[in-house]
Amino acid sequence: IFSLLCCCAVVLAICTVTMVGFPVTAVVIGAGNRGRNYAEFAVRDSARLRIVGLAEPVQTRREAFVERHKVSPELTFSCWSEVAARPRVADAAIITTQDQLHRDPAVALASLGYHILLEKPMAVTPEDCEAIVAACEKHGVLLAVCHVLRYLPANMKMKELLQSGALGQLQCIQHMEPVGHWHFAHSYVRGNWAVEARSSFSLLAKCCHDVDLLAWWAGCRCVEVSSCGSLTHFRREN
């Protein structure tokens with residue numbers, strides 16, 4: 001549900017800022033879990049969003065997505081570079097590739113005039129993040145990163161209370177990311193994020209949600225960061 005709300009917010013922003021009419025059209029780059037989740041908004045509210053194109057290398061995912069969203073064969077591709085090789089075919093691009101594969105499609109599609117909805121984390125290096133921002137600014141397109149926990153009702157209520165002053169002056173936030181044991185084992189020990197060199201470290205891959213929430217609730221920029229931790233159980237000898 002948070003993914004749907006996030007996608008809805010971006011669609012409304014595109015219409016408000018750019019005066020693009022409904023429905024906003026989009027191409028999806030990557031039909032994995034996140035790509036399917038965001039695209040589902042087009043099924044729930046086809047008057048606001050319509051998926052017109054797809055780039056997905058895995059055939060089974062590609063075929064299932066095309067069937068659900070009725071994407072034409074002419075706009076169905078196995079690689080994002082095929083989308084970038086042709087004139088712009090939609091208002092926006094929903095980029096949900098793996099973390100280390102965000103920069104190139106985001107920069108290329110922004111240069112064609114696509115507004116960008118980008119799965120978190122934005123990228124895996126500061127340089128890649130800066131390149132994405134620079135491309136979007138240069139070509140005058142919107143850039144939204146999918147920090148979907150902002151749309152959790154409890155988190156929205158917390159933001160409202162902090163902004164209103166109902167809780168007094170904010171002094172300290174104690175926050176924990178309770179990653180489920182099943183999720184950690186599946187995704188961060190054996191899954192796509194098991195090796196930092198192939199993706200990104202856990203704080204970036206998973207806890208960027210929490211860093212975003214802290215900054216959003218506090219309403220100010222971070223001045224200093226400290227960190228500590230160690231790897232105790234998920235080691236080769238265990």
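In this predicted model, helix 8 packs against helix 9 (202-205) through its buried residues. Helix 8 itself spans residues 181-189, and the residues tucked away from the surface there are Ala185, Ser187 and Tyr188.

Rolling a probe the size of a water molecule over the atoms shows where empty space is left. The largest pocket found has a volume of about 1,500 Å³. Its lining is made up of 38 residues, and those closest to the centre of the pocket are Leu203, Cys207, Val211, Val225 and Ser227. Helix 8, helix 9 and helix 10 (208-218) are the elements that each give two or more residues to this lining. Helix 10 contributes the most, with six residues.

The cysteines complete the picture. A search of the whole structure turns up zero disulfides. Cysteine 79, for example, takes part in none, and the nearest cysteine sulfur, which belongs to cysteine 136, lies 19 Å away. Cysteine 79 is neither buried nor exposed but partly exposed, as its relative accessible area is 30%. What, then, of cysteine 220, and how far is its sulfur from the closest cysteine sulfur? That closest sulfur is in cysteine 222, at 8.4 Å. Because a disulfide calls for two cysteine sulfur atoms within 2.5 Å, the sulfurs of cysteine 220 and cysteine 222 are too far apart for a bond.

Terms used. Residues are numbered from 1 along each chain as its sequence is written. This is a predicted model: local features need pLDDT of at least 70, side-chain atom pairs count only at pLDDT 80 or more; totals for chains, interfaces and linings use all residues. Side-chain values use heavy atoms; hydrogens and water are left out. Buried means under 20% relative accessible area, exposed over 50%, partly exposed in between (1.4 Å probe, protein chains only). Helices (H or I, at least four residues) and strands (E, at least two) are DSSP runs, numbered from the N terminus. Contact means heavy atoms within 4.5 Å. On a 1 Å grid over the protein atoms alone, a cavity is a set of points where a 1.4 Å probe fits but cannot get out, and a pocket is an open set with protein on both sides within 12 Å along at least five of seven lines; lining residues have an atom within 4 Å of a point. Grid points are joined across faces, edges and corners, and a volume is the space filled by probe spheres set on the points.
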